[in-house]
Amino acid sequence: MILTTVNDSTSPNFLTGYRDAHLVQGVIKQIHQRITQPWTIMEICGGQTHAIMQYGLDQLLPAEIELVHGPGCPVCVTSLELIDQALWIAQQPDVIFTTFGDMLRVPGSNGDLFSVRAAGAQVRVVYSPMDAVKIAQENPDKQVVFFAIGFETTAPANAMSVLQAEKIGLENFSILPANVLVPPAMHAILSSPENRIQGFLAAGHVCAVMGYWEYPPIAEKYQIPITVTGFEPLDLLNGILHTVIMLEEGRTEVENAYTRVVSYEGNQSAQQLINRVFQTVDRNWRGIGAIPKSGYGLHEAYKHYDASMKFHSTGIQTEESPLCIAGQVLQGLKKPYECPAFGTQCTPQSPLGAPMVSSEGACAAYYRFGRKTK
Amino acid sequence: MSQTDPIKPIQIQGPVCPLPHHHTETVVIGHGSGGQMTRDLIINIFQREIGNEFLAQGNDAALITFNEAPGRIAISTDSHVVSPLFYPGGNIGRLSVSGTVNDVAMLGAVPAYLTAGFIIEEGFSMDSLKQILISMAETCREAGVQIVAGDTKVVEKGSADGLFINTAGFGIIPEGRHVGGQYAQPGDVVIISGSIGDHGIAVLQARGELGFDSEIKSDVAPLNHMINDLLTAIPQVHVLRDPTRGGLATTLKEIACQSQVSIHLEEESIPVKQNVRTACEMLGFDPLYLANEGKVIVILPQEKADDAIQILKSSPYGVMSTRIGYVSQEDPGNVLLQTAFGTTRILDMLAGEILPRIC
């Protein structure tokens, strides 16, 4: 792939069409016109939280709208036992542990991947699971493990890495399966007795893979409108506008405000890839707890690519500290600045909780973009 | 998930958070990022043991004085550990000369002499070494400086990554120039001498890990002539700083803290090349935090801003110079970015190492 130079002398004005200030003001105006009462809306995805904070979109919305930040940051919700397994596996002799960069700072019970790398472990940042397969090919005398985290978005590539390893007969490649799924988390949030979410912005990139056929039953069961929403300022505001209109009209439907990327069925071949390699399993979410059938584990036929079996890494004693309110933040019950540690003991360079680690984590987004208070 | 599955409501587990990892026991890669962790390392370890009034100045170079001639001198040192050693637009040789020349120039000095120390891993290609030295010589000629002392150490295979170069440099500060991060004044204008993020992306891309190619080149260059022209015409310049590691945002935050002022930026006026922006979008980087090696931030009184931009633009390294913001006393120590939508966000220092987002 080549990134071409559009205008090398460029570009004081780098904003694309979906960031057009004039169009944004237009949608804001419509939201103000349509809203008549307070509504609480959750954006599921951490990428959306990040964009809202980055562009300060919450500063433009009417006071009636409360945006609640959902658990859609894979770094934040990857369970402590999986992080601890990752740390343990990375420290085994002759292991090259590969991971997306975000995971390096996530604290386990006792240390993070940065610490184990500083202590001599081979931890490498990759940008795609296929890079990990390549590293395995190039290092036949090492065991190469890929930390397969993410939502449905990363699952096809994670599945592909396993199929690729099988195709070329790699015996020194395995993954630590950690994918989590959005719809079960929505079920769990909506069925909580403490739930106060009245509308959802569904994560556009998850829907690009999975479609949105899973959402109408949720909208119907919990009587809640859901809008498939993208990530640019105009996309986000459009998603909010759709949701506000449905709320004001008393409709509990699923609408797609990200049609340029998302179809109802989603990416069929990606879904087939996922279904071939993975099966749904119960999974623990950090800060939330166990959610049934909310993760992808490897099918029986591919179990020999499961690093936790290869390295017998299950059963590690984990220990969370009682210092922050990450759990409540991830469920949208608390705002990051309501945590007493926020911005003082807990900062991106010394995170107490996972939401402070990733740029998609709600706490980090608040911290980075200076939102010490609402 | 099918509708027949029993859905367990969420039970709050109670506060769940891991123990903090402050990385106080070992040095980790983030300590070298140029951001907050680097600052913590300097304050907690280096300043405590070897701190003095000169290091406490907190600028790119230290200002030292002699009672007799030559008066005021700027002195600076910088180690270069870039990986890979060669990348589009430059290499470690050009970087090691430019980096130190620029640091000395940022105090208003005219850089004159450098020293160079080489730590070479055994097995390093003699050809590559020659190429790097040719590049250093060319850059010295361009900058009008000479390397007057040197040192070479060879270490065992595995004890270094190919080649590390340390350079130190010094130069005399002409009378009438008083430039430093502590001198920003409310009412001043903030200028950047060109597009940001080129070096950061060029180096990352040269590592071959990004999965794409581009025409992005490092901006690495010695800026001393451009700066000397500027200061000769406008000695009233308050601050010069090159936004290297940590990028524009971290550097401005340092200046805001040093001068106890707030710096206000307009996002739309900050020049970012389209291909750099595209790469950042793909990787989840913010160009405001990417390294530059051939750019300077100029802060000076408003009435001198147009003249300054004109002078900068007459240098090949400053053709895209533009005004990006202003200084005020509203919110001391903070850098505030106004977005295209009229909203505001606070820019903090880079925390640790820049990490790509995953999705």
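Predicted model: local features only at pLDDT ≥ 70, side-chain atom pairs only at ≥ 80, totals over all residues.
Strands here, like helices, are runs assigned by DSSP and numbered from the N terminus, a strand having at least two residues. Gln279(A) sits in strand E11, which covers residues 278-285 of chain A. Is Gln279(A) buried or partly exposed? A buried residue would need 20 or more other C-beta atoms within 10 Å of its own. Gln279(A) has 14 C-beta neighbours inside 10 Å, so it counts as partly exposed. Leaving aside residues up to four places away in sequence, Gln279(A) touches Gly297(A) and His299(A). Now look for Glu249(A): it is 30 residues from Gln279(A) along the chain, and the C-alpha atoms of the two are separated by 39 Å.

Staying in chain A, let's move on to a sheet. Strands of a sheet pair through backbone hydrogen bonds, either parallel or antiparallel. The one to find here is an open sheet of 4 strands in chain A, ordered E5-E4-E6-E7, and its pairing is parallel. At the edges you'll see strand E5 (122-125) and strand E7 (173-177) of chain A, each of which pairs on one side only. If you ignore direction, neighbouring strands of this sheet are turned by 25° against each other on average. Take a look at one pair inside the sheet: strand E4 (residues 95-99) and strand E6 (residues 143-148) of chain A run parallel and share 4 bridges. Along that pair, Thr98(A) stands opposite Phe146(A) in E6(A).

Which strands does helix H4 of chain A touch? This helix, residues 80-90, packs on the sheet and touches E4, E5, E6 and E7 of chain A, its direction making about 140° with that of E4(A). Helix H6 of chain A, residues 129-138, also lies across E4, E5, E6 and E7 of chain A. Compared with E6(A), helix H6 runs at about 175°.

Time to switch to chain B. Its secondary structure comes to 8 helices and 15 strands, and of its 359 residues 49% count as buried. If you take the contacts in chain B with a separation of 6 or more, 84% of them join residues 24 or more positions apart.

Chain B is divided into domain 1 (58-172) and domain 2 (181-347), and the C-alpha centres of these two domains lie 23 Å apart. Where they meet, 25 residues of domain 1 of chain B are in contact with 23 residues of domain 2 of chain B. On the domain 1 side, helix H2 (92-105), strand E5 (110-121) and helix H3 (126-143) of chain B each supply at least two residues. H2(B) gives the most to that side, with 8 residues. Sorted by class, the domain 1 side has 12 nonpolar, 10 polar and 3 charged residues.

One last stop: helix H4 of chain B, residues 198-206. Why can we call it largely enclosed by the rest of the structure? Because 9 of the 9 residues of this helix are buried; among them are Asp198(B), His199(B), Ile201(B) and Leu204(B). The buried residues of H4(B) pack against strand E3 (86-87), strand E9 (213-214) and helix H7 (274-283) of chain B. Just after H4(B) you'll come to Gly208(B), which takes a positive phi of about 75°.

Conventions: Residues numbered from 1 in each chain as written. Chains lettered and ligands numbered in written order. Pairing = 2+ DSSP bridges. Axes fitted to C-alpha atoms, helices over the stretch in contact; angles between N-to-C directions. Contact = placed C-beta atoms within 7 Å. Domains from an automatic or database assignment. Nonpolar A, V, L, I, M, F, W, Y, C, P; charged D, E, K, R; others polar. Buried ≥ 20, exposed ≤ 12 C-beta atoms within 10 Å, placed from the backbone.
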